[in-house]
Amino acid sequence: MNKMGAAVVSLILLVLAGPLLPLMLWSVANRWPWPRLLPETYSSRSWEFVLDRDSGFVIGLGWSFAIAAAVTVIALLVSLPIARVLGLYRFRGKSVIEVLVLLPLLMPAFVAAMGLHETFIHWGLTDTVSGVILIQLVPTMPYMVRTLSTGFTLIGTRLEDQARTLGAGSLRIAMSVTLPRLAHAMVAGSTFVFLASLGDYLLTVLVGGDAVPTLPLVLFPYIAAGDRPLAAVGSLLLALCPLATVLALESALANFSSMRANQEAKG
Amino acid sequence: MSQIQLSGIAKSYNEQFVLHPITLTVEPGEILVVLGPSGCGKSTLLGIVAGLVEPSRGQVLFNGRSLAGVPAERRGIPMVFQDHLLFPGMTIAENIAFGLRARGVPRAERDDRVAAVLAAIQLASFGSRYPSELSGGQKQRVALARAIVLRPPLMLLDEPFSSLDSMLRREMRDLVLAMRREYGFSAIIVTHDPQEALELADRVAVMRAGRVEQVGTPEDIYFRPCNAFVARFLGPANIIASESGDLCVRPEAVQLALTGEGVTAHIVEKRFSGPRVEIVMETKVGHLSAIGPAHAYRGLEIGTHVYASWREQDAVFLRGT
């Protein structure tokens, strides 16, 4: 059993970390001619370049996180009421609305974006931050609505009913009864949206152009130019960001209940 | 203490009545138990009083004032549910203080009231624990305390003890009655358990299929049921057909004798349950059942011929089924 377990874990690690190994090597390689198994000479040139403010990578990282955060917060705020209605109530035409909400997932986001591009030009939204945030909301919102509405269905309305008969108004119920129980769903949905936004290239470049240089946009020219060590460092950054985000969100969630308990006791 | 009147309350979904127009009054300080099988509409009735369900017709009057349009959170009528519904992220003390916070009761008074009610439910040292650390009976006591701490004029209890075992149920009943003596509230309690209804109620309203069949004191309902449904729902009943209509005689009112007057019967079954024994007989009016103290029925065995009789005042004519 233990041997089996170890084998499975090793296999998973191999599959996950395997592709990253050559990237790590490339990121510190100076010369790595074919068919050598390992680089011939090493250098920290690529890392230094990427971490240098002037290269645009660090700023790109900042843009990526800012856009992703904005997209996530907006998606969360807009999705909460929609998800609540879809998750808790039965009404005529509900399935139609559900399909409408999921529609952006059924069609490649690029197709929708091509159509929207025209409209965005009319509205003056191209080459703006708002435009990039808006276009990224198109393919990410369905994930958020879907996750949250399942969350609402799971927690139901009974605790809210209980809170109401005890005299609590809507705001108090939302803050102290519903949202704490929805935390898991909110974190799950936010992770989806945040990661999708972080990794987006196509929509950002289409709508944002040069005005919004997120990390993928900064990175792409180096990949296209065939600078392997630089591309490797950039890709590693791009791969580590989601990992760091997920870990941060998960630990935040783990601390959530004890934090809340402390706040309640103080208040 | 306040008076609650239900005036012609009805509820229908898609033209289908789940609750036919009902008119009932709960007097100040009174415990009214609404008793009925599951699906009879009793929980809907409670939801309407609480403000969680909108009635299709009629209105709820609170001390003569209509509650129509008043949302649940402003009615000041707390409800206790069958499955305690404690807030999982809050401690026991925070759970109990929840309604007080919503009412803006200052911190010091809040703490005093929570401590007092925690002591009253014998969980004084449990304030800082979380609901998941409590047993089912303890959680239900906290749910009760969370409502009582508000010193409400009226409380609603929806099958409050159904998820507890019989020992705990008895304890909870005693607790509710003790709390009422101390805090003096009226209550509407919904249950499907006739035992619970008879022990708790000042008055019982028996419901079937969205209608109130009979309202009365526990003795009234038990000894003078209006129809066969009420008679059978509240306990074992002998329903005997006669020329002037169906008669109901409770088995414990049936007297057995080896000689004398009465219906001739022979015993076909004897069910012993410790202090009491039930004797089932075959007679010309059908099966009859008698329940009495075990020691009095010693010597009566299956096959014994007996005479079954009852006093005139123990037999009640039923109107309908």
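Q: How many salt bridges does the count come to over all chains?
A: The general idea is to look for a side-chain nitrogen of Lys or Arg within 4 Å of a carboxyl oxygen of Asp or Glu. In this predicted model, that rule gives 18 salt bridges over all chains.

Q: Which residue forms a salt bridge with B:D83, and where do the two partners lie?
A: The partner of B:D83 is A:R158, and their closest N and O atoms are 2.5 Å apart. This pair crosses between chains, with B:D83 in the loop between β6 (79-80) and α2 (92-102) of chain B and A:R158 in helix α8 (residues 158-165) of chain A. Both count as partly exposed, B:D83 at 33% relative accessibility and A:R158 at 38%.

Q: Which residue of chain B forms a salt bridge with A:R164?
A: That residue is B:E73, and here the closest N and O atoms are 3.2 Å apart. This pair also crosses between chains, from the loop between β5 (65-66) and β6 of chain B, which holds B:E73, to helix α8 of chain A, which holds A:R164. A:R164 is partly exposed, with a relative accessibility of 24%.

Q: How many residues apart are B:R203 and B:E30?
A: They are 173 residues apart, so the pair links distant parts of the chain, namely strand β9 (residues 203-208) and the loop between β2 (16-26) and β3 (31-35) of chain B. The two form a salt bridge whose closest N and O atoms are 2.6 Å apart. B:E30 is buried because its relative accessible area of 9% falls under 20%, whereas B:R203, at 21%, counts as partly exposed.

Q: How many aromatic pairs are found over all chains?
A: A search of the whole structure finds nine. One of them joins A:F57 and A:Y222, with 5.4 Å centre to centre and 35 degrees between the planes, and this pair is tilted. A:F57 is buried at 0% relative accessible area, while A:Y222 is partly exposed at 21%.

Q: Which residues form one aromatic cluster with A:F57?
A: A:F49 and A:Y222 belong to that cluster together with A:F57.

Q: Where does the charged end of B:R250 sit?
A: The charged end of B:R250 sits over the ring of B:Y222, 4.1 Å from its centre. In another case of a charge over a ring, B:R146 lies over the face of B:F87, at 4.8 Å from the ring centre.

Technical notes: Residues are numbered from 1 along each chain as its sequence is written. Chains are lettered from A and ligands numbered from 1 in the order in which they are written. This is a predicted model: local features need pLDDT of at least 70, side-chain atom pairs count only at pLDDT 80 or more; totals for chains, interfaces and linings use all residues. Side-chain values use heavy atoms; hydrogens and water are left out. Helices (H or I, at least four residues) and strands (E, at least two) are DSSP runs, numbered from the N terminus. Buried means under 20% relative accessible area, exposed over 50%, partly exposed in between (1.4 Å probe, protein chains only). Rings of Phe, Tyr and Trp (its six-membered ring) pair if their centres lie within 6.5 Å; planes under 30 degrees apart count as stacked, over 60 as edge-to-face and the rest as tilted. A charge sits over a ring if NZ of Lys or CZ of Arg is within 6 Å of the ring centre and within 35 degrees of the ring normal.
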